[in-house]
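Morning, everyone. I have one structure to walk through today. Please have a look at it first.

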Amino acid sequence: MEEWMQYAKDMAKAEKELKIEQWVIISFYRVTERGEKIPLFKYDLPRRVADKYDWVILWRKAKLTCRYPRGKVTHTYYLYDRHSGEDYSFGSCLSSLASAKAQVTKMERTIKEYVTWQRRNNLFFDEQTDEMLQKAVAKLKTKKENVRKAEKRLHQKVEKHQCEIRK
């Protein structure tokens, strides 16, 4: 449980560094007998507001269900970053970048804890020759390079998105 809490904190830190503003678009549809989706209503809210007032979403769905009793009323969530306009759902470029940054933070903390413990409890510890430490540092270097590449890809996408908005 504690590990998940720490990972959540690492993700929050990464999101703050990336200046991610999580927003959600909640769209309500009526499905006809032929399977067509007819849009009925749409919310565009900050995610924290949507999470806090989820009863409003349930109320809206109930109201639309009463209005259209024969049509199946459904709703969808689309999570995105307000600043960049990028999708923030699971597996998206932006969420992958935030996750990668969180992994780097976790790896740095683990290396620091390992070195601290070894210095206190192992008289023969040498940072230059310790195999486990060298492997961890190599992995950390690879993870940092992956973060740098992901940031570059995201920056290109954001620039492209902003150019499209200006047109």
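Predicted model: local features only at pLDDT ≥ 70, side-chain atom pairs only at ≥ 80, totals over all residues.

Numbering starts from 1 along each chain as its sequence is written, and side-chain values use heavy atoms, with hydrogens and water left out.

The protein chain has five helices and three strands. Those are DSSP runs, numbered from the N terminus: helices are H or I with at least four residues, strands are E with at least two. The order from the N terminus is α-β-β-α-α-β-α-α.

Of 167 residues, 32% count as buried. Buried is under 20% relative accessible area, exposed is over 50%, and partly exposed lies in between, with a 1.4 Å probe and protein chains only.

Now Tyr-29. Where is it found? In strand S1, residues 22–31. Is Tyr-29 buried or partly exposed? Partly exposed, because its relative accessibility is 21%. Beyond neighbours within four places in sequence, Tyr-29 contacts Lys-37, Ile-38, Pro-39, Leu-40, Lys-72, Val-73, Thr-74 and Thr-76. Contact means heavy atoms within 4.5 Å.

Next, Tyr-53. This residue sits in the loop between helix H2 (47–52) and helix H3 (54–67). Its relative accessible area is 38%, so Tyr-53 is partly exposed.
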